Amino acid sequence: MHTNNAAGAITRLLDWGVEPFLVASSVIGSVAQRLVRTICPRCRRSRILEMDAPERLTFRLPPRRIEVWEGAGCHLCGETGFRGRTGLFEVLRVTPAVRELINARASSDAVHAKAVEEGMVPLLEDGVEKALEGITTLAEVQRVAFYEER
């Protein structure tokens with residue numbers, strides 16, 4: 001099913017008429033994924049993110065030296081700077097606290113917030129980690145996973 005995040009799958013089941021007690025007792029987890037383009041390994045280049053770069057505010061990056069990566073474009077990637085794809089993921093475990101929220105028909109936002117409080121890594125955060133590792137770019141993460149701030 002298509003939802004914005006892993007918590008959305010829980011509330012979508014409720015919207016479809018599945019009783020909360022059935023969802024709470026039978027669902028053990030939910031996974032959300034988005035595919036992002038990966039930086040071409042042949043033309044990959046690093047740069048230091050300036051202290052006044054808009055990405056620092058957009059992604060709430062700390063005020064320290066941050067190296068980011070991008071593809072310059074080459075014949076291997078068709079001059080795009082990207083070659084292949086990788087996934088961004090968030091895995092929501094249905095814990096007792098989440099189960100209580102499901103039974104109370106809590107909103108997707110409330111379920112998501114509780115899951116994050118209990119350790120779930122949101123899609124956007126997973127994307128930022130992958131961008132800082134040089135797997136993809138911050139622009140690519142923003143393109144596919146920035147629904148949370150809209």
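Me: Which residues is L92 in contact with, leaving aside its neighbours within four places in sequence?
Reply: L92 is in contact with A6, A7, I28, G29, S30, V98, V111, A115 and M120. Contact here means heavy atoms within 4.5 Å.

Me: Before I go on, where do the numbers come from?
Reply: This is a predicted model, where local features need pLDDT of at least 70, side-chain atom pairs count only at pLDDT 80 or more, and totals for chains, interfaces and linings use all residues. Residues are numbered from 1 along each chain as its sequence is written, and side-chain values use heavy atoms, with hydrogens and water left out.

Me: Back to A6, then. Buried or exposed?
Reply: A6 counts as buried because its relative accessibility is 0%. The cut-offs are under 20% relative accessible area for buried, over 50% for exposed and partly exposed in between, using a 1.4 Å probe and protein chains only. A6 is in helix α1, and besides L92 its contacts beyond four places in sequence include S30, V31, A32 and E90.

Me: How far apart are A6 and R93?
Reply: They're 87 residues apart in sequence, and 9.4 Å apart in space, C-alpha to C-alpha.

Me: Which residues touch the most other members of the largest nonpolar core?
Reply: Those are L49, F59, L61, L92, V94, I102 and L138, out of 33 residues in that core. A nonpolar core is a set of buried Ala, Val, Leu, Ile, Met, Phe, Trp, Tyr and Cys residues joined through side-chain atoms within 4.5 Å. Elements giving two or more residues to this core include α1 (6-15), β1 (29-39) and β4 (82-93).

Me: Switching topic: what's the secondary structure pattern along the sequence?
Reply: It reads α-α-β-β-α-β-β-α-α-α-α, which comes to seven helices and four strands. Helices (H or I, at least four residues) and strands (E, at least two) are DSSP runs, numbered from the N terminus.

Me: And what about T38, where is that?
Reply: T38 is in strand β1. T38 counts as buried because its relative accessibility is 12%.

Me: What lies 2.5 Å from a polar atom of its side chain?
Reply: The backbone oxygen of R83 does. R83 is also among the residues in contact with T38 beyond four places in sequence, along with G81, F82, G84, R85, T86 and I135.

Me: Last one: how much of the chain is buried?
Reply: Buried residues make up 44% of the 150.

Note on methods. A polar contact is a pair of N or O atoms within 3.5 Å; within protein, one must be able to donate a hydrogen and the other to accept it, and residues adjacent in sequence count only if both atoms are side-chain atoms.
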